[in-house]
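Please open the structure in your viewer and keep the selection panel at hand.

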2 protein chains.
Amino acid sequence: MSEPVVAIRSRVEAAQADDADPLAYLRARFAVPDGLVYLDGNSLGALPVGVGSTVADSVAREWGEDLIGSWNVNGWWTLPTRVGDRIGALVGAAPGQVLCGDSTTVQLFQAMVALARLKPHRRVIVTDGANFPTDQYVAESVARLLGLELVRVRPDEVASVLDARTALVSFSAVDYRTGELWDLENITSTVHGAGALMLWDLAHAAGALPVDLDRLGADAAVGCSYKYLNGGPGAPAWIYLPARLQEVADLPLTGWQGHVTPFELDPTYSPAPGVERARIGTPPVLSMRALDASLDVFDGVALTELRAKSLRLSGLVIDYVDEHLSGVEVVTPRDPSRRGSQVSLRVASAYEVTQALIARGVVGDFRAPDLVRLGFTPLYLSFVQVWDAMETVSSVLATGEWRDPRFAVRAAVT
Amino acid sequence: MSEPVVAIRSRVEAAQADDADPLAYLRARFAVPDGLVYLDGNSLGALPVGVGSTVADSVAREWGEDLIGSWNVNGWWTLPTRVGDRIGALVGAAPGQVLCGDSTTVQLFQAMVALARLKPHRRVIVTDGANFPTDQYVAESVARLLGLELVRVRPDEVASVLDARTALVSFSAVDYRTGELWDLENITSTVHGAGALMLWDLAHAAGALPVDLDRLGADAAVGCSYKYLNGGPGAPAWIYLPARLQEVADLPLTGWQGHVTPFELDPTYSPAPGVERARIGTPPVLSMRALDASLDVFDGVALTELRAKSLRLSGLVIDYVDEHLSGVEVVTPRDPSRRGSQVSLRVASAYEVTQALIARGVVGDFRAPDLVRLGFTPLYLSFVQVWDAMETVSSVLATGEWRDPRFAVRAAVT
């Protein structure tokens, strides 16, 4: 996590970095439009080239021809565990511990209730007051349902609130706004030291940087699949339940697919052994097929190499701001070991600046109230692209073109 | 619901019925393989022809080219309400009351918790002991989470268990095994008469027969979209929350998309007004696009006409069994007003018989322990097809070809 990052301070150096980039060949695995610098893969990953034909086949042959038989002959039934294992391989989970399905919100609910139930005499849930809204809302809801107290604290200050009343702690590995990567190992062991359980949301980490859930000893984890995993819009999320907790995990969303014998149609719920107890209802097969195909882009890719390139890309941006952009604040940590795969810039009129950049083909996103967020997917981004994006940022700010009234028009979705 | 059904007692009469069928043109809207008699549309509806191109476009253009901008420019954000309204039109819900997303299991959980919270001093949930497993499992889970009691009763005997302790009653409109259609109006008013709330699961009703949720005064309803709605494998489910309850519905799955101002990233949950509060996490867009396109098959179709054809198809089957198949018991009600869009046959060795039928191109399904279930989607089935299917049933039973050992091999998914 602390690779030395060789600074890139000119377009020539960026081109040299591209020439030497061992991951450059991976861009051919994506269908990113020419001329676009896509720095929003942390919101919706770009389209891998193999997805279209896989989904077309799933519609025309699997659904159209094999129909209901596809649950057996085309392996639909085993998709949640097979795709789960593929995701598991990217987050340090040995097979049989990750189940793919539903949304991150639903998986957070499952995980929080299950962990809280493992500590019935402890009455506090801890989360981060800057955590992604869904994480906080679900924690509020679970606390209310179970009659627990909810405490909010910054992840690096968790020790200050832990005590014998703490049942579980739920944090995101990377702050979605600032891009701050927390010290997963230290936090997990601090939480465990207080006898509490640790739930990690890896939405902004999975596929972006190495995470080793098994080694961390996380008690549960969840994540989405449409950001750095490139699984497509609303791709099914996933949940990690470590083997040591599976037999005691008491999950609240008791769907028929998680039953020990789903086809015996038993009127009473008995959970399946293993991670299959985390199955809920029938998964969205077409979206899951797209995700499954999209994961091919990681074939043969070392996450450490991906991480090294990501840090050089984000380092380039930070150095560029320091050297060329006064009035812009880098809110993302400069320490590589504390930086996710994004850089967030605090800028006046951040919404308008974001829109002006998009109009120039540099796609980042705005996060209220004042951040321009730039995400880096090393699978398809080049150093020259990112250099040119920063030149565009510089130009948009210098010319004041963001003041054009059309950039102030708020879209429904920002 | 009580159309007189003119009996069809020969292949010639079946062919005459096809010639006179005002819905025969609808078969061209589906890509059902030639030679297959697909009687499993109550498990997975057949593929509508327009879906492939819609999904291909959603992958290649929306995701691939427009990327994150698709939430605005391609209307991804409004899909759950737009598709919800289209489903609402098929179940008698005025616009703004149906939200599409997640699985039926998740929607049942949402609805049951919300309704129970509306009756905090009543401590009993009632469901059907023969209800689909998920419905019973979720009722068990919700009862446990809220400290309520769960009572099981046949829907037509609900009056015997209702009292001032009953918070809500959760039934399926059509019994998934027997095909029995309950008297929705009478049951709903009986439940309301006891001061309790009524939740209907329309999994086996939506798209199969007319339902008028608004007129019924149902307090909530849920359904899946991959059976008679033909939305594709694992198509997102839906929830109906009537306008009169929306502002007081206190839903437990508090995802960011259901927040009143989702892009202000408020750390505390405040639900959106209207049915949008039922949004949870990011929906599986590709699967929802498929569902949206599939609903086109209902354009210009009167559900009353669909229902009339469905009853003639199921009537043909019942008459055929009576006349030709000794040793086979029709467990589905003979009264058309009490019959869903299926006929279930109790047969010795039902699993093997089902497999032998599939091998002959007649696709129904087996439901444990002893039923062959035949579902009828009038959109793509002809009378001659169903007649021929019954001739095949007759032949499979008469020849004993179902005794071939290969038909006894249990598939993972039955």
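The model is a predicted one, in which local features need pLDDT of at least 70, side-chain atom pairs count only at pLDDT 80 or more, and totals for chains, interfaces and linings use all residues. Residues are numbered from 1 along each chain as its sequence is written, while chains are lettered from A and ligands numbered from 1 in the order in which they are written.

Which surface do the copies use to meet? They meet through the same surface, because 100% of the interface residues of chain B are also interface residues in chain A.

Now select residues 11-23 and 302-408 of chain A as domain 1, and residues 52-298 as domain 2; such bounds come from an automatic or database domain assignment. The C-alpha centres of these two domains of chain A lie 30 Å apart. Their contact (C-beta atoms, placed from the backbone, within 7 Å) takes 18 residues from domain 1 of chain A and 14 residues from domain 2 of chain A.

Finally, select α11 (303-324) of chain A, which gives the most to the side of domain 1 that touches domain 2, with 4 residues. Helices (H or I, at least four residues) and strands (E, at least two) are DSSP runs, numbered from the N terminus.

Conventions
Two residues are in contact if their C-beta atoms, placed from the backbone, lie within 7 Å.
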